[in-house]
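I opened this entry to look at how the chains meet.

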Amino acid sequence: MIKAILIFNNHGKPRLIRFYQYFAEDMQQQIVRETFHLVSKRDDNVCNFLEGGSLIGGSDYKLIYRHYATLYFVFCVDSSESELGILDLIQVFVETLDKCFENVCELDLIFHMDKVHYILQEVVMGGMVLETNMNEIVAQVEVQNRMEKSEGGLSAAPARAVSAVKNMNLPEIPRNINIGDINIKVPSLSPF
Amino acid sequence: MPAVSKGDGMRGLAVFISDIRNCKSKEAEIKRINKELANIRSKFKGDKALDGYSKKKYVCKLLFIFLLGHDIDFGHMEAVNLLSSNKYTEKQIGYLFISVLVNSNSELIRLINNAIKNDLSSRNPTFMCLALHCIANVGSREMAEAFASEIPRILVAGDTMDSVKQSAALCLLRLYKTSPDLVLMGEWTSRVVHLLNDQHMGVVTAAISLITCLSQKNPDEFKTCVSLAVSRLSRIVSSASTDLQDYTYYFVPAPWLSCKLLRLLQCYPPPEDGAVKGRLVECLETILNKAQEPPKSKKVQHSNAKNAILFEAISLIIHYDSEPNLLVRACNQLGQFLQHRETNLRYLALESMCTLASSEFSHEAVKTHIETVINALKTERDVSVRQRAADLLYAMCDRSNAKQIVAEMLSYLETADYSIREEMVLKVAILAEKYAIDYSWYVDTILNLIRIAGDYVSEEVWYRVIQIVINRDDVQGYAAKTVFEALQAPACHENMVKVGGYILGEFGNLIAGDPRSSPLVQFNLLHSKFHLCSVPTRALLLSAYIKFINLFPETKATIQEVLRCDSQIRNSDVELQQRAVEYLKLSSIASTDVLATVLEEMPPFPERESSILAKLKKKKGPGAVSVTELEDSKREGGELNGGGDRGPDTAAMAASNTSTPSPSADLLGIRSAAPVGAAPSSAGSLLVDVFSEAGPTAPSAAVNDDGFLSSAPPSEDPAPPLSEADELLNKFVCKNNGVLFENQLLQIGIKSEYRQNLGRMYLFYGNKTSVQFASFTTTVSCPGELQSQLNVQTKPVEPLVEGGAQIQQVLNIECLSDFSEAPLLNIKFRYGGALQNLTLKLPVTINKFFQPTEMSSHDFFQRWKQLSQPQQEAQKIFKANHSMDTEVLKAKLLGLGTALLDNVDPNPENYVCAGVIQTKSQQVGCLLRLEPNAQAQMYRLTLRCSKDSVSRRLCELLAQQF
């Protein structure tokens with residue numbers, strides 16, 4: 001079972017936290033900090049698994065993570081999951097994000113946290129894997145999107161400003177970094 | 001076009017997020033967030049009804065604020081309102097907020113359930129999926145109660161959309177995990193199993209998680225899944241990479257599903273049906289063959305997916321442990337991976353090989369890789385991988401290679417990462433003992449261990465070496481000689497001093513013939529370390545000195561001089577002082593004969609499981625334990641080493657604070673300040689342990705411990721418990737609600753509920769008079785030991801209770817470990833000026849934490865037999881106090897919290913029950929048998945529990961009930 005999915009950036013700023021087992025709010029933040037501490041000091045060419053931190057539960061748990069440009073994707077899983085399988089799953093999730101957002105970057109995750117959650121929900125549900133087929137996942141997201149559009153009406157109008165706001169924030173033009181198959185734009189952001 | 005339309009967001013949200021991002025400091029950020037929270041709060045509270053869009057926007061802002069690590073304590077109601085919106089996006093964000101922020105105990109669940117019910121019956125697949133997601137993510141018992149019967153129907157109905165089926169499968173799985181008793185699979189079993197044949201691979205992917213979980217719990221009912229899983233697997237494995245279209249991932253057909261199928265098969269023994277087995281073996285061979293084929297793609301994802309399947313196949317081969325041919329192939333494959341350039345593969349290969357090493361067919365094959373593994377331990381850059389290598393070395397160790405492996409592990413210890421040193425030390429100690437052919441090698445190894453990693457050598461390790469030396473006389477002389485040499489190092493670890501003191505005290509005579517290690521030289525050597533040591537070690541050394549007096553009369557004068565000096569006989573630590581005084585007296589009064597009897601050589605220890613092994617098992621168990629222990633021992637180690645720099649008094653204080661409370665702590669009255677339930681292995685208690693076996697040598701330690709506590713005058717404030725307090729308590733053993741106490745003034749009612757090791761109790765205080773109660777206070781206390789066994793939390797109540805009014809108090813109860821006393825409730829108030837003061841026992845009894853366990857007659861008696869040690873059983877024969885009516889008895893036994901098992905006892909008159917008591921630290925399995933004898937109006941009650949104190953307590957409690 002997947003106990004938690006954490007996405008944070010190179011400075012440890014959480015971008016998405018999803019727990020499938022109940023932890024109190026402050027505990028959740030503590031787990032994010034501990035996990036960041038464990039993961040961030042590791043080189044990029046060491047293995048992608050490490051024994052779980054103390055907070056989320058003992059020797060039966062592992063952290064399985066991937067590092068893409070500015071973001072860490074960490075899945076905290078128990079021993080019933082295949083390590084390499086989860087690595088593939090992270091890849092599927094990121095590739096799906098990339099398809100849905102067209103060249104996903106950290107900013108997309110910040111400004112569309114809700115959307116990221118919805119996409120994740122099509123992959124993982126209650127800590128178990130719902131679907132691994134990327135086309136199927138994207139199709140589901142598209143269905144949602146069409147429903148959103150059809151309801152858009154008046155309320156959608158003021159929302160156009162979002163893209164403008166996004167550009168306001170960028171001190172310089174994003175550069176592209178090639179990681180595996182995905183282009184992830186890496187804006188150099190001042191951490192906040 | 002991207003699937004997510006980036007433009008259609010919410011403007012207010014985007015502005016808020018950018019504001020936060022522009023904040024220059026943490027303070028500014030917090031200020032901005034607080035401003036926003038105030039704004040949202042006022043909007044939610046305002047008179048103007050918010051439209052759906054605004055609610056959605058604010059709820060989304062709250063989610064963002066939550067992500068940044070701020071508590072969100074409002075907005076739940078608004079989120080619940082969004083659920084009943086008929087706009088999809090509003091519903092969606094409502095559900096998201098609830099799955100992220102609502103926990104399963106929330107009071108809102110009922111409202112949420114209503115919305116879910118509507119959406120489930122809406123026939124709109126998207127809405128149904130949202131509702132199912134919510135159930136799967138929150139998964140509370142109340143939800144299970146509401147939907148456990150509905151979900152299986154959705155899952156197997158012919159007209160359900162595939163996407164809904166997928167969600168329903170995982171939803172059901174979650175409910176089964178939280179409330180297995182509510183999910184009754186009976187009639188659905190075969191249709192659920194047949195989901196493995198579903199056309200839609202997504203449905204199979206979701207269903208297999210459900211089936212795996214159900215199979216683990218009910219292997220017999222679900223065993224038909226084996227042949228279905230094999231045929232599914234075989235179809236995938238033999239398919240060309242294009243057959244499965246979208247489920248082909250980087251040229252590998254359905255890797256995730258293949259892994260899950262192989263996992264499912266690991267719940268079962270090898271298939272008995274020859275055809276099925278043949279097909280499966282064929283699959284496994286194909287998978288192994290594919291590993292040797294050239295890759296279809298250079299992408300890492302391709303090899304990842306391929307190897308994910310390969311590793312699961314190998315796990316299955318190891319699990320079956322019956323096909324020597326496959327096992328050897330698996331081992332060779334892993335051997336290749338050991339030298340692979342991918343770190344992940346090296347890691348996984350080491351991990352799998354660990355399990356392979358325990359199979360008799362492949363143990364030898366694993367051993368051929370020893371050089372590679374040792375090399376990994378030395379050269380891997382990644383600590384995770386080195387840890388696996390150390391584990392594998394431990395697993396592949398046997399008599400033939402023990403010396404080599406232990407030597408390698410010892411040399412690795414010198415540079416090992418701090419995080420794994422303690423575990424390495426335990427492993428070295430165990431291997432050294434297990435494979436020792438000559439015990440001088442064993443002694444050398446352990447002393448080396450202390451020299452290299454003294455701080456990480458736990459008490460168990462040095463304690464064990466002493467046990468072994470004492471039990472084997474062939475090694476005693478060598479041990480004495482070796483410790484004597486080791487102690488000559490200018491700086492040696494305190495653990496070395498402990499071992500040295502103990503062994504020389506027992507066997508110093510064996511080396512006393514050599515003038516270089518004459519008695520006086522030995523004594524001076526030990527005493528030169530004395531002042532650098534902590535209190536427990538010094539106490540041990542004092543015992544060694546008195547043993548010296550017996551062994552070598554010529555040292556008597558010198559030692560008496562040492563004992564007599566002020567720093568011993570007037571030591572501020574009572575333990576040391578008492579030993580000095582008693583040993584001095586003993587040595588001067590007693591005749592040599594008496595002395596020789598009292599200070600006789602230690603008798604051999606009874607053979608028992610190595611305490612080190614027990615410790616390693618514990619470490620490998622629930623993780624939290626191992627970490628705190630590690631920290632404790634680190635902390636302790638630090639203090640011990642630091643002791644030398646400080647005065648003896650501060651060192652003593654430090655020791656008494658870090659280890660279990662020593663008598664000196666009692667004197668100062670700071671016992672409660674000492675950590676409650678500190679690690680059981682701390683220095684003080686072990687020392688007592690070592691010597692309590694010795695009996696006569698340590699007359700002091702244990703006796704003092706409680707003396708001061710029990711003689712302390714009881715505090716005068718709260719009244720002693722009422723005389724009928726126990727009787728009142730007994731009324732509540734088998735029920736949770738009722739009136740606890742009543743007199744002319746006050747009535748106290750109780751409602752309580754328990755789940756796992758947690759409980760909540762509502763106390764209702766009713767003022768029966770027409771006059772106000774003033775200064776009404778209640779205090780709950782856990783006397784004595786109970787403090788560390790039960791955690792009761794509450795908030796103070798209103799100090800005024802009007803005439804005729806009732807006030808409520810909520811207690812949250814957590815059971816940390818099993819207990820036998822009841823917490824006390826003290827109530828004080830003024831009624832017409834007179835102080836009323838009464839104390840009751842709160843009806844919190846150990847049986848409240850029962851979890852019923854259903855089992856068959858066979859299982860019951862098997863477990864009954866397993867619990868056959870005399871102390872695990874408690875039995876009482878007693879006269880019936882109440883009606884012996886069957887229904888009444890059944891109701892009582894059910895009220896107890898156990899499962900009442902039918903058709904188990906051969907005699908239908910008898911009642912048998914089973915349950916598990918859930919405490920935070922452990923689970924205690926309990927079996928009960930009640931045999932009524934209607935003619936004699938008597939009962940015989942027998943309890944067998946995995947913990948003896950629980951048997952006794954339950955027996956006491958229950959004997960009052962019937």
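I looked up the buried area first. Between chain B and chain A it is about 7900 Å². Carbon and sulfur atoms give 55% of that area. I note that this is a predicted model. The size of an interface is often given as the accessible area lost when the parts come together.

Next I looked up the residues in contact. Chain B contributes 90 residues and chain A contributes 88 residues. I then checked polar contacts across the interface of chain B and chain A. The rule finds 26 residue pairs, both residues at pLDDT 80 or more.

How many salt bridges link chain B and chain A? I find five. One entry for the list is Lys62(A) with Glu351(B), where the closest N and O atoms are 2.5 Å apart.

I looked at Arg381(B) and Asp43(A) separately. They form a salt bridge, with the closest N and O atoms 2.5 Å apart. Arg381(B) sits in the loop between helix H20 (370–379) and helix H21 (383–396) of chain B, and Asp43(A) sits in the loop between helix H1 (25–40) and strand E3 (49–51) of chain A, so this pair joins two chains. Arg381(B) counts as exposed at 55% relative accessibility. Asp43(A) is partly exposed, at 38%.

I then turned to pairs within chain B. Glu36(B) forms a salt bridge with Lys61(B), the closest N and O atoms being 2.8 Å apart. Glu36(B) belongs to helix H2 (residues 26–45) and Lys61(B) to helix H3 (residues 52–67), so the pair ties together parts 25 residues apart in sequence. Are these two residues buried or exposed? Both Glu36(B) and Lys61(B) are buried.

Arg570(B) and Asp566(B) also form a salt bridge, with 3.9 Å between the closest N and O atoms. I checked their accessibility. Arg570(B) is exposed at 62% relative accessible area, and Asp566(B) is partly exposed at 47%.

I also found a network. Salt bridges with shared partners join Glu51(A), Arg388(B), Asp391(B), Glu423(B) and Lys427(B). Over all chains the count comes to 46 salt bridges.

Last, I looked up chain A itself. I count seven helices and nine strands. Of its 192 residues, 65% are buried. Chain A exposes about 6700 Å², and carbon and sulfur atoms supply 51% of it. Among contacts in chain A with a separation of 6 or more, 53% come from residues 24 or more positions apart.

Note on methods: Residues numbered from 1 in each chain as written. Chains lettered and ligands numbered in written order. Predicted model: local features only at pLDDT ≥ 70, side-chain atom pairs only at ≥ 80, totals over all residues. Heavy atoms only, no water. Contact = heavy atoms within 4.5 Å. Buried area = accessible area lost by both parts, 1.4 Å probe. Salt bridge = Lys/Arg side-chain N within 4 Å of Asp/Glu carboxyl O. Polar contact = N/O pair within 3.5 Å; in protein donor to acceptor, adjacent residues only side chain to side chain. Helix = DSSP H or I, 4+ residues; strand = E, 2+ residues; numbered from the N terminus. Buried < 20%, exposed > 50% of the residue type's maximum accessible area, 1.4 Å probe, protein only. Areas by Shrake-Rupley, 256 points an atom, 1.4 Å probe, with all protein chains shown as cover.
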